[in-house]
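Please open the model in a viewer and keep the selection tool at hand. The stops below proceed from a pocket to a group of strands and then to individual residues.

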Amino acid sequence: MDNLELSLNNLLDYSHSLSGKYLSEYVFAWEVIPKISEIILEIGKSLNDDYSEIEPNIWVHKTAKIAKTAFIGAPCIIGENTEVRHCAFIRGSALVGNNCVVGNSVELKNVIIFDNVQTPHYNYVGDSILGYKSHMGAGSITSNVKADKMPVTVKFGENRVETGIKKFGAVLGDNVEIGCNSVLNPGTIVGRNTNVYPLTSARGYYPQNSIVKKSDVVVAKK
């Protein structure tokens, strides 16, 4: 298996995020995760008048809907027609695209969320990248730190790919569906158009156009 199967270019359509040109400078997600904050700050400098800087380094599109009870930490960009619902907790270093949902009691931290992504109910997403039209079912989360606090590796076939970073949650390719109450363990990468069944403890790489019935039971979509 070629490691380039794990590349961002293989997983994501860059045209659906303000971060696209920045992501194209990297090959793998773990190269980007430590850079998300500075990428957001760079993008913020070039935003047009459709965005309001509501607090230092927090830019919100004028069409976005932000609940009064939501918390947004810097740096952060909230895109066009995106809805941030009751008691959402955006800790910072979050780039949220257009037409997204950040739902009730959802926590985001150090993430890039592409356009049309939904994290609608009780999700935690940290140190992760969610591709265009991906969806996290209620209660599904990314686990971004190993129990032994060692650098995260990505299980790729019979091999393990070293990332060199201690905090790395997941990458969801475009049009990925994560079932309710699933856990994406550190270093989970899900290929485009793949579905993960509810209550799955996912780990490692899952190829595109697949159905993940259990962590180790994967079938191709027909």
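Which residues lie nearest the centre of the largest pocket? The model is a predicted one. Select Lys155, Arg203, Tyr205, Tyr206 and Ser215: these lie nearest the pocket's centre, within a lining of 12 residues. Two elements give two or more residues to this lining, namely strand S15 (153-156) and strand S23 (205-206). By class, the lining divides into six nonpolar, three polar and three charged residues. The space in the pocket amounts to about 220 Å³.

Next, select asparagine 209, in the loop between S23 and strand S24 (210-214). Its phi is near 55 degrees, a positive value in a residue other than glycine. Asparagine 209 counts as partly exposed because its relative accessibility is 34%.

Now move to strand S2 (residues 58-61). Ile58 and Val60 point one way from this strand, Trp59 and His61 point the other way, and all are buried. In a regular strand, side chains alternate between the two faces of the sheet.

Glutamate 55 has isoleucine 58 of S2 as its bridge partner. The hairpin of S1 and S2 has two residues between the strands, and asparagine 57 takes a positive phi near 65 degrees there.

Then display strand S5 (residues 76-78). S5 and S2 run parallel and are joined by three bridges. Here tryptophan 59 has isoleucine 77 as its bridge partner.

Select proline 75, which lies in the loop between strand S4 (71-72) and S5.

Continue to threonine 82, placed in the loop between S5 and strand S6 (83-84). Is threonine 82 buried or exposed? It counts as buried, because its relative accessibility is 1%, and the cut-off for buried is under 20%. The side chain of threonine 82 reaches the backbone oxygen of glycine 97 at 2.6 Å. Residues that threonine 82 touches, beyond those up to four places away in sequence, include Ala64, Lys65, Val96 and Cys100.

Finish at cysteine 87, in the loop between S6 and strand S7 (89-90). Cysteine 87 has a positive phi of about 65 degrees although it is not a glycine. With a relative accessible area of 34%, cysteine 87 is partly exposed.

How values were computed: Residues numbered from 1 in each chain as written. Predicted model: local features only at pLDDT ≥ 70, side-chain atom pairs only at ≥ 80, totals over all residues. Heavy atoms only, no water. 1 Å grid on protein atoms, 1.4 Å probe; cavity = no way out; pocket = protein on both sides within 12 Å on 5 of 7 lines; lining within 4 Å. Points joined across faces, edges and corners; volume = space filled by probe spheres on them. Helix = DSSP H or I, 4+ residues; strand = E, 2+ residues; numbered from the N terminus. Nonpolar A, V, L, I, M, F, W, Y, C, P; charged D, E, K, R; others polar. Buried < 20%, exposed > 50% of the residue type's maximum accessible area, 1.4 Å probe, protein only. Pairing = 2+ DSSP bridges. Polar contact = N/O pair within 3.5 Å; in protein donor to acceptor, adjacent residues only side chain to side chain. Contact = heavy atoms within 4.5 Å.
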